[in-house]
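Good morning, everyone, and thank you for making the time. Please take a moment to look at the sequence and the model on the screen before I walk you through some of its strands.

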Amino acid sequence: MANTSSFNIANLLKNLNETNEIHSTFRLEDALDLSVVGVAESTEVDLSGTLTSITGGIALSGNVSTRLWQICSSCGKKTEVPFKSQVSEFFSTGVDDDEDFEEDYRIEGDEIDFAPVVRDYIAASVEFSPRCPECAVSGFNTQTFRDPDDDGIDPRLAKLKDFLK
Ligand SMILES: [Zn+2]
């Protein structure tokens, strides 16, 4: 299967302020392994959103979804879980020695590659103490231990409420 994580932007580069819709499905060529979570080799990734040509490069705005594996921090079981994230990134046409653009993804030729962006988003958003669905339900969970009498009012405001009675 061809690597379709690259998207041709020749048309966008020629037309400032032009927006292209993207609906891209591709497979991550290399596995991502962050020890307790990761993405298996050749996992399918969906990316949809828009690419807009702006001064200095191309802006990406959209949603990415794929599947991760994770190892439960309680029972050690490996499970597959869906991953979804909003993405907002800038691909720079700037030259390599421009230090202001150090954090950007660079445009090489007429194509941008979504794979590095997806990998970075996964690495930045994953939970490093994941729990399998069973442990998440049975184990200690702050949601479960929430005081049922707590009506969600800030205690400081509750005092004010009493004062106004
Ligand atoms: Zn577990």
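How many bridges join β6 to strand β7? There are 15 bridges between β6 and strand β7 (residues 78–92), and the two run antiparallel. Before I go on, please keep in mind that this is a predicted model, in which local features need pLDDT of at least 70 and side-chain atom pairs count only at pLDDT 80 or more, while totals for chains, interfaces and linings use all residues. Residues are numbered from 1 along each chain as its sequence is written.

A word on terms: strands are DSSP runs of E with at least two residues, numbered from the N terminus, and two strands pair if DSSP finds at least two bridges between them.

Staying with β6 and β7, Asn63 stands opposite Gln86 in β7, and the two strands form a hairpin with 6 residues between them, where Gly76 in the turn has a positive phi of about 80 degrees.

Strand β6 (residues 57–71) also pairs with strand β4 (residues 37–39), in the antiparallel sense over 2 bridges, and here Gly38 has Trp69 as its bridge partner in β6. With strand β5 (residues 44–54), β6 pairs in the antiparallel sense over 9 bridges, and Asp46 has Ser65 as its partner in β6. The hairpin of β5 and β6 has 2 residues between the strands, and Gly56 in its turn has a positive phi of about 90 degrees.

Finally, let us turn to His23, which is found in strand β2 (residues 19–27). His23 counts as exposed because 9 other C-beta atoms lie within 10 Å, the cut-off for exposed being 12 or fewer, with C-beta atoms placed from the backbone.

Terms used:
Helices (H or I, at least four residues) and strands (E, at least two) are DSSP runs, numbered from the N terminus. A residue is buried if 20 or more other C-beta atoms lie within 10 Å of its own, exposed if 12 or fewer, and partly exposed in between; C-beta atoms are placed from the backbone.
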